[in-house]
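My notes follow in the order of looking.

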Amino acid sequence: MHQLSERILAGDPRAVARALRLVDDHSGDWLTVLKDVFPSTGRAYVVGITGNPGAGKSTLTDRLIEVYRKAGRKVGVVCVDPSSPYSGGAILGDRIRMSRHALDPGVFIRSVATRGHLGGLSRSARDMVRVLDASGSDVVLVETVGVGQDELEITRTAHSTLVVMAPGLGDEIQAIKAGLLETADVFCVNKADRDGADATIRDLELMIALGTESVLAASRARGHVVHSEAIDPTAGEAAGPSRLAWRPPIKRAVATRGEGITEVVDALAQHREWLETTPEGRARRRARLAEELREALREALIDEATQSLRPALEAAVARVEERVEDPYTATESLVRAFRER
Ligand SMILES: Nc1nc2c(ncn2[C@@H]2O[C@H](COP(=O)(O)OP(=O)(O)OP(=O)(O)O)[C@@H](O)[C@H]2O)c(=O)[nH]1
Ligand SMILES: [Mg+2]
């Protein structure tokens with residue numbers, strides 16, 4: 001095993017810092033290290049924290065760290081895009097909000113800038129989470145602005161996704177992408193000390209209900225058995241984690257004052273239990289791993305194909321450009337050439 005990997009597994013913070021840099025840059029022995037540590041991953045609980053710019057994600061993350069630390073957990077944090085153009089250039093604002101944990105050896109905070117990333121941001125984030133997981137973090141929090149596809153993909157690598165919203169940001173709900181709504185496992189309406197929190201919660205409840213309706217209708221139309229219909233929807237929280245369908249609960253919080261944070265942590269814990277104890281939860285975890293493998297395979301195949309077929313690819317482009325060949329036939333013959341290589 002690589003020496004760096006051994007030090008990561010021993011929880012050496014300097015080794016972790018170094019590995020995270022290598023993984024982020026895809027440099028040095030990054031892949032060897034990831035392979036080495038993988039068997040020791042899968043223990044950490046990974047929470048994605050997303051939402052509109054300025055909703056209070058970092059302030060809430062800081063509070064979550066506090067609660068988990070009090071419970072004796074080691075916490076890793078990955079802040080994606082601390083220099084987000086949406087945050088008004090508040091460079092490193094995320095880390096500043098969590099700075100009181102900087103000296104705590106049980107907390108590891110790492111920022112990743114999206115700028116300059118070649119599209120592999122979600123992969124990078126997932127690999128970094130694995131390093132933190134292997135180094136002994138019990139909980140890994142991944143903060144990312146909920147704008148853009150990349151960010152949404154990052155939340156898909158988490159076990160649970162916490163969507164943070166705040167009242168009084170105008171048409172907040174409308175601004176929230178449907179994708180963000182679907183990705184949420186727990187909602188936190190933060191800044192509940194401000195006017196409009198109740199209205200935000202009502203809007204959210206409505207959106208969830210409508211969303212659930214349309215999803216159910218679509219499933220029925222496709223002739224699917226809709227399991228969640230077997231569940232009494234009025235059972236709500238009382239049904240506990242054993243109910244088949246997970247309905248994202250809405251929690252209110254005032255992150256600046258530390259109010260409502262344990263409720264958020266409890267809701268996350270319930271979701272985790274649902275993931276681990278229901279067939280639906282397990283199927284979802286498996287689906288995400290399958291997704292990861294497919295994605296990695298696609299990347300690897302495309303890399304290899306474009307490498308080995310470069311002259312043939314260029315020739316095909318020329319033929320298609322001259323309308324000598326159609327792109328469909330060209331693709332078929334490229335695939336054939338790749339197979340027969
Ligand atoms: N009134 C009030 N203000 C809050 C609350 N939580 C956070 N804030 C303030 O909202 C502002 C933004 O908070 P952040 O935690 O940086 O928000 P963020 O979502 O991480 O922002 P970006 O990372 O830039 O997208 C800060 O000035 C916080 O002090 C809250 O519960 N109530
Ligand atoms: Mg932030």
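**Entry 1: two helix pairs**

I began with one helix pair and found that H2 passes H6 in a right-handed crossing. A crossing is right-handed if the near helix is turned clockwise from the far one by less than a right angle, and left-handed if anticlockwise. Before going on I noted the ground rules. This is a predicted model, where local features need pLDDT of at least 70, side-chain atom pairs count only at pLDDT 80 or more, and totals for chains, interfaces and linings use all residues. Residues are numbered from 1 along each chain as its sequence is written, while chains are lettered from A and ligands numbered from 1 in the order in which they are written.

Helices (H or I, at least four residues) and strands (E, at least two) are DSSP runs, numbered from the N terminus. H2 covers residues 13-25 and H6 covers residues 121-134. They pack at an angle of about 160 degrees, with their axes 9 Å apart. Axes here are lines fitted to C-alpha atoms, for helices over the stretch in contact, and angles run from 0 to 180 degrees between N-to-C directions. H2 and H6 are therefore roughly antiparallel to each other. That label takes angles over 145 degrees; under 35 is roughly parallel, 65 to 115 roughly perpendicular, and the rest oblique.

Which residues of H2 and H6 meet? From H2 I listed Val-16, Ala-19, Leu-20, Val-23 and Asp-24. From H6 I listed Ser-124, Asp-127, Met-128, Val-131 and Leu-132. Contact means C-beta atoms, placed from the backbone, within 7 Å. By class, the contact of H2 with H6 has 7 nonpolar, 1 polar and 2 charged residues. Ala, Val, Leu, Ile, Met, Phe, Trp, Tyr, Cys and Pro count as nonpolar, Asp, Glu, Lys and Arg as charged, and the others, Gly among them, as polar.

Next I took H13 (residues 310-321) and H14 (residues 327-339). Their axes come within 10 Å and cross at roughly 165 degrees. H13 and H14 are therefore roughly antiparallel to each other. H13 also passes H14 in a right-handed crossing. H13 brings Ala-312, Leu-313, Ala-316, Arg-319 and Val-320 to the contact, and H14 brings Pro-327, Ala-330, Leu-334 and Ala-337. I read the classes as 8 nonpolar, no polar and 1 charged.

**Entry 2: the sheet**

I stepped back to the whole chain. It has 14 helices and 7 strands. In what order do the strands lie in the sheet? The 7 strands form an open sheet in the order S3-S2-S4-S1-S5-S6-S7, and the pairing is parallel. S3 and S7 (250-252) stand at the edges, each with a single partner strand, so one side of each is left without a neighbour in the sheet. Pairing needs at least two DSSP bridges between two strands. Neighbouring strands are turned by 20 degrees against each other on average, direction ignored.

I then checked S1 (residues 45-51) against S5 and found 5 bridges in the parallel sense. Ile-49 stands opposite Leu-162 in S5. Helix H4 (residues 57-70) packs on the sheet, touching S1, S2, S3, S4, S5 and S6 (186-189). The direction of H4 makes about 175 degrees with that of S4.

**Entry 3: strand S2**

Is S2 covered or open to one side? I looked at both faces. Val-75, Val-77 and Cys-79 on one side and Gly-76, Val-78 and Val-80 on the other are all buried. Buried means 20 or more other C-beta atoms within 10 Å of the residue's own; 12 or fewer is exposed, and in between is partly exposed.

S2 runs parallel to S3 (residues 107-112) over 6 bridges, with Cys-79 opposite Ser-111. S2 also pairs with S4 (residues 139-145) over 5 parallel bridges, with Val-78 opposite Val-142.

I picked out Val-75. It is buried, with 26 other C-beta atoms within 10 Å. Val-75 and Asp-138 are 63 residues apart in sequence and 6.0 Å apart in space, C-alpha to C-alpha.

**Entry 4: Ser-160**

Ser-160 lies in S5 (residues 160-165). Ser-160 is buried, with 23 other C-beta atoms within 10 Å. Ser-160 touches several residues beyond four places away in sequence, among them Val-47, Asp-185 and His-271. Leu-268 is 108 residues from Ser-160 in sequence, yet 6.9 Å away in space, C-alpha to C-alpha.

Terms used: Two residues are in contact if their C-beta atoms, placed from the backbone, lie within 7 Å.
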